[in-house]
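Dear colleague,

I am passing on the structure we spoke of, and I would be glad if you could look it over alongside the notes below.

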Amino acid sequence: MSIKLSSGKEIPIEMHKTRMVQKIWLPPIEERLKAIEEAGYNTFQLKTKDIFLDMLTDSGVNAMSDNQYAAMMRVDDAYAGSMTFYDFADAVKDVLGYNYVMNVHQGRAAEHLISKVFAKQGDVVPTNYHFTTTKVHIELTGGATCLEIYTDEALKTESTVLFKGNMDPKKLKDTIKKYGKERIAFVRMEATTNLLGGQPFSMQNLREIRQICNEHGLILVLDGSLISENAYLIKQREEGYEKKTVAEIVKEMCSLADIFYMSGRKNTCVRGGCIATNNKALFEKIQPWLPVYEGFFTYGGMSQREVAAMAVGMREMVDPDLADCAVEQIKYFVGRLKEIGLPVVTPPGGLACHLDAKRFLPHIPQSQYPAGALTAALYLASGIRSMERGTISMERDKDGKEVYADLELCRIALPRRVYTVSHIEYAVDRIHWLYEHRNLVKGLKFVFEPPVLRFFIGKLEALDNWGRAFAEAFKKEMGSY
Ligand code: F0G
C-alpha cells in the first residue's frame with residue numbers, strides 16, 4: 001500500500017519485513033564497462049556478480065513468503081497421484097474458480113500446448129498485444145499469425161487513459177468478418193499487458209470481448225501471468241469496483257475466460273505455471289499432450305516443492321498487500337521521473353517502470369536499437385540491470401527483414417517484495433544523470449544474431465565505441481560509483 005506522510009507526500013510502504021537477506025554490491029564503472037562489453041551490450045548476458053540492482057524482470061525472482069517456504073518442507077513427492085497436486089487444484093478452484101487444472105513448467109509451456117492444440121497453419125490469433133514467447137509459439141508451434149487488436153491509445157507512451165491494455169472490440173469484429181470465425185484459433189487477452197508497458201484492461205472490456213466470442217463461438221484465452229496487478233488496477237480505476245476485493249475481481253475475470261494460463265513465476269512467486277478451465281472438452285484436448293512435453297498429469301514438469309509453494313502463492317496473490325506492492329512502487333517511481341520531466345510510460349501500470357527510448361534518445365534511429373542502447377547505458381550509469389523491450393525483442397520477418405517494434409522501451413522491473421524506496425531513489429537519480437548525458441549514447445549493431453528470440457543470446461557492439469566515452473565521462477564527474 002501507499003501511505004501519506006504528514007508533509008502530504010505519498011510513499012509506497014512495505015507490508016512485510018525482511019528476515020533473510022542476500023548481499024548485493026555495486027561494481028565500479030570500470031568493471032561495469034568491461035562487463036557490458038563482454039555481454040555484447042545485452043543485459044541478459046550479464047552475470048549477477050556484475051549487477052547492483054537486478055531489475056531485468058519480475059519473473060522467478062520475487063521474494064517468497066514464510067508460508068511458501070514452510071509448504072515446501074512438507075511435500076508428497078509421488079510421481080503420480082501426488083496429494084500436493086490436489087492441494088494445488090483446490091487452491092485453483094478457490095481462487096480462480098476453475099475445476100480443471102494442469103501444471104506446466106512455466107508460462108511458455110502453456111503457450112506451447114495451447115498453440116499446438118488449437119492453432120494451425122493459416123489461422124489467426126487476435127490478441128490485445130502479443131508477448132514474445134506467446135507470439136513465437138502461436139507462429140512456430142501453431143503455424144498461425146498473431147494479430148494485435150489494441151486500441152489507438154495503446155501505443156501512446158504519454159497518456160491519461162487508464163486501460164491501455166484494452167482490446168478494440170470494433171477491430172475484433174472486423175477481424176472476424178475478414179478472416180471468418182473458422183480461421184480464428186482463439187482470442188487472447190493478456191492481463192497487465194507486458195509489452196505495452198504493463199497496462200491493464202478493464203472488466204468492461206473483457207466482458208465485451210467475451211460477448212463477441214460468444215456471438216461467434218470463439219474460444220477466449222486469458223493470459224493471467226499478471227492477473228493480480230490487473231485486478232488491483234481495476235479496483236483502483238474502474239467505476240463500480242472500488243469496494244470489491246482483489247479476490248472477487250480475479251474470480252470475475254476468470255469467469256469470463258474459456259481457458260486460463262499463467263506463468264507462476266510472477267504472481268505466485270514460484271518457478272512454474274498452469275493451464276485451467278471449466279470446459280471439460282477443451283481440457284481433454286490439451287491433457288494428452290501434457291506427459292509428452294511436460295511431465296505426468298500431477299506434476300507437469302514442476303517439482304512437487306514448487307507445486308506446494310504455488311498452492312500457497314495462488315492464495316496469497318489475491319492478498320491486497322501482495323497484489324499492490326509492485327504497482328505502488330511503480331507509481332512512485334514513475335511519479336518521481338515525471339516530476340523531473342523524464343520520458344516515462346504513463347499512466348503507471350504493473351510489472352515495471354518503462355522508459356520511452358524513442359523520446360529519451362531521439363537521435364538514435366530504430367535500425368540502431370534505441371531501447372537496447374538505453375538499457376545498456378542505464379547499466380553503465382548505475383549497475384542496474386533492466387531489459388530491452390523494443391526492436392531487438394522482435395523477430396525478423398520471413399525474408400529476414402527487420403521488423404520495427406511499435407514501442408521502444410527500457411523496462412525496469414520491480415520484483416515483488418525485493419527492493420525498497422531508497423533503491424528506487426538511487427535509480428531515479430542515475431536515470432536523471434543519464435538523461436542529462438544522453439548525447440553520449442549512440443546506437444548498437446548485432447555481431448551475433450540467433451535465428452529465434454534473439455534478445456536472449458544475441459551479441460551487439462556499441463557504434464563508435466560509445467560505451468567507453470560514456471564510462472569516461474561518468475568517471476570524470478561521479479568517480480567510480
Ligand atoms: N505471458 C506473459 C504475459 C509473460 O509476461 C510471460 C513471461 C510469459 C507469458 C511467459 O512465461 O517466462 O514463465 O515462460 N514474462 C517474463 C518477463 C519472461 O520477464 O516479462 P514464462
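What follows is a short account of the ligand site, the salt bridges, the cysteines and one surface patch.

Please keep in mind throughout that this is a predicted model.

The ligand site comes first. The ligand is surrounded by 17 residues, and the closest of these are Thr-57, Arg-108, Asp-223, Ser-263 and Arg-411. A polar side-chain atom of Arg-108 lies 2.6 Å from an oxygen atom of the ligand, while for Thr-57 the corresponding distance from a polar side-chain atom to a ligand oxygen is 2.7 Å, and an N or O atom in the side chain of Arg-411 is likewise 2.7 Å from an oxygen atom of the ligand. Of the 470 Å² that the ligand exposes when taken alone, the protein buries 96%.

Turning to charged pairs, the structure holds 35 salt bridges. One of them joins the side chains of Glu-10 and Lys-331, at 3.5 Å from N to O; because Glu-10 lies in strand 2 and Lys-331 in helix 14 (residues 325-340), this pair ties together parts that are 321 residues apart in sequence. Glu-10 is partly exposed, at 36% relative accessibility, and Lys-331 is partly exposed too, at 34%. Another salt bridge, between Lys-266 and Asp-58, has an N to O distance of 2.6 Å, and it links Lys-266, in the loop between strand 9 (259-263) and strand 10 (273-277), with Asp-58, in the loop between strand 3 (53-54) and helix 2 (66-73), 208 residues apart. Both Lys-266 and Asp-58 are buried, and they belong to a network of salt bridges that also links Glu-229 and Arg-416.

As for the cysteines, the structure holds zero disulfides. The sulfur of Cys-274 has its closest cysteine sulfur in Cys-254, 9.3 Å away, and this is too far for a bond; Cys-274 itself counts as buried, at 0% relative accessibility. Cys-410 is in no disulfide either, with the nearest cysteine sulfur, that of Cys-353, 8.4 Å away, and Cys-410 is buried, with a relative accessible area of 0%.

Finally, there is a nonpolar patch on the surface, formed by Met-1, Ile-3, Leu-5, Ile-13 and Met-15, which together have about 370 Å² of accessible area. Within this group, Met-15 sits in the loop between strand 2 (10-12) and helix 1 (29-38), and it is partly exposed, with a relative accessible area of 43%.

Terms used
Residues are numbered from 1 along each chain as its sequence is written. This is a predicted model: local features need pLDDT of at least 70, side-chain atom pairs count only at pLDDT 80 or more; totals for chains, interfaces and linings use all residues. Side-chain values use heavy atoms; hydrogens and water are left out. Patches are made of residues with over 30% relative accessible area and no salt bridge: like charges are joined within 9 Å, nonpolar side chains (Val, Leu, Ile, Met, Phe, Trp, Tyr) within 5 Å. Accessible areas come from the Shrake-Rupley method with a 1.4 Å probe; for residues, only the protein chains shown count as cover. A salt bridge is a side-chain nitrogen of Lys or Arg within 4 Å of a carboxyl oxygen of Asp or Glu. Helices (H or I, at least four residues) and strands (E, at least two) are DSSP runs, numbered from the N terminus. Buried means under 20% relative accessible area, exposed over 50%, partly exposed in between (1.4 Å probe, protein chains only). A disulfide is a pair of cysteine sulfur atoms within 2.5 Å. A residue is near a molecule or strand if one of its heavy atoms lies within 4 Å of it. A polar contact is a pair of N or O atoms within 3.5 Å; within protein, one must be able to donate a hydrogen and the other to accept it, and residues adjacent in sequence count only if both atoms are side-chain atoms.
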